[in-house]
Amino acid sequence: MKKVLVMGGNQFLGKRVCEILLEKKYEVFAINRGNRENLKGINFLKCDRNNEEELRKITENLKVDYIVDISAYTGKQADILQKVMSGKFKQYILISSASVYNNIESYPAQEESSKGKNEIWGQYAEDKYLAEKVTIENSDRYNFKYTIFRPFYIYGEENNLDREKYIFSRIENDLPIFIPNDGSNIIQFGYVDDLVEGIIYSFDNENFFNEDFNISGEEGLTIEKYIDICGEIVNKKVNKYFVNLEKEKLKARDWFPFRNVHLLGDITKLKNTGFKIEYSFKNGMKKTYNYLIKNNKLQTPKVNDIERNLYKKNNI
């Protein structure tokens, strides 16, 4: 039985990785601080990954085939883990982010596009880029194969970020949705199960050794189209209002779940490996909506102060 160490493993993507690995009969180990409940069936190792001594102690007798690192947010975190686990794994899969692309005027982003620090995504993007850099350097130092995945926006059941639920809850409760500017920015979304299957597809796959990949759905959608599709799924008319950011002196992220920038990538390199994206955006969002409804997660949402002020300005 192949063994997999998942860093994280108890929230959204990490949890789904563990669930599908267990379904496919892998032996799964998960390292996290235990702040949330872990899945039954995994080997839970309680540890703060930032503490090298603690990490070394808890993994002293651990050998695995693959490491899926979802919780590496800095270069230091990646470095500590790779050093501590040196010689005890074969392939390291780093879940990075499409935010590392720093030329926002050049889309769709390709794997060779410019990466690094950028003002739009801030410290998060720089740190993810440094985690990639350290991984590439350490692969020679510690003799392991690496695979880097750069997801665009991930969506799906149990998303811990208020994105799908933000839109669906407002449509479900007949509340207005305030869209930044004209809603024409294009974003690419990937369903969580497609990302998980891509990760597993990379295991022992030479096409993925020491390579980086964009991973997402195949559709680029404007923000307005994204919202319209959500309305079609709920089968309700969407009360849309457009907000002039410059006039109102606002930033999209002051109230809205997405930044007012394009985020679009080319996934040709991934498709050339033979991997296929299964879910269209609408199909994945239908599954997400049904989950939210079934679990009573679309009650009247908490409206923030900016939305309340926009209500008044629009006489709502």
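Q: By about what distance along helix H2 are Arg56 and Glu52 separated?
A: Helix H2 covers residues 52-58; helices (H or I, at least four residues) and strands (E, at least two) are DSSP runs, numbered from the N terminus. An α-helix has 3.6 residues a turn, so residues three or four places apart point the same way. Because Arg56 and Glu52 are four residues apart in H2, their separation is about one helical turn.

Q: What kind of model is this, and which pLDDT do local features need?
A: Residues are numbered from 1 along each chain as its sequence is written, and side-chain values use heavy atoms, with hydrogens and water left out. This is a predicted model, in which totals for chains, interfaces and linings use all residues, side-chain atom pairs count only at pLDDT 80 or more, and local features need a pLDDT of at least 70.

Q: How far apart are the closest N and O atoms of Arg56 and Glu52?
A: Side chains of opposite charge can pair when their charged atoms come close. The rule for a salt bridge is a side-chain nitrogen of Lys or Arg within 4 Å of a carboxyl oxygen of Asp or Glu. Arg56 has a relative accessible area of 39% and Glu52 one of 27%, so both are partly exposed (between buried, under 20%, and exposed, over 50%, with a 1.4 Å probe and protein chains only). Their salt bridge has its closest N and O atoms 3.0 Å apart.

Q: How many residues apart are the parts that Arg150 and Glu132 tie together?
A: Arg150 forms a salt bridge with Glu132, at 2.8 Å between the closest N and O atoms. Arg150 sits in strand E6 (residues 145-151) and Glu132 in helix H4 (residues 122-141), so the parts they tie together are separated in sequence by 18 residues.

Q: Which residues are linked in a network of salt bridges with Glu132 and Arg150?
A: Both Arg150 and Glu132 are buried. The salt-bridge network that links these two also includes Glu211, Asp212 and Lys269.

Q: How many residues apart are Glu158 and Lys15?
A: The side chains of Glu158 and Lys15 meet in a salt bridge at 2.9 Å, N to O. This pair links distant parts of the chain: Glu158 is in the loop between E7 and helix H5 (164-172), Lys15 is in helix H1, and they are apart by 143 residues.

Q: What span does helix H1 reach from its first C-alpha to its last?
A: H1 (residues 12-23) has twelve residues. The expected span is 1.5 Å times one less than the number of residues. The model comes close to the expected 16 Å, reaching 16 Å.

Q: Which helix do the buried residues of H1 pack against?
A: Buried residues of H1 include Phe12, Leu13 and Val17. They pack against several strands, among them E1 (3-7) and E5 (91-95), and against helix H6 (192-201).

Q: Which residues does Leu81 touch, not counting those up to four places away in sequence?
A: Leu81 lies in helix H3 (residues 75-84), and at 1% relative accessibility it counts as buried. With contact meaning heavy atoms within 4.5 Å, Leu81 touches Met7, Arg49, Leu55, Ile67, Asp69 and Tyr92.

Q: How many disulfides does the structure hold?
A: A disulfide is a pair of cysteine sulfur atoms within 2.5 Å. The sulfur of Cys18 is too far for a bond, because the closest cysteine sulfur, in Cys47, is 16 Å away. The number of disulfides in the structure is zero.
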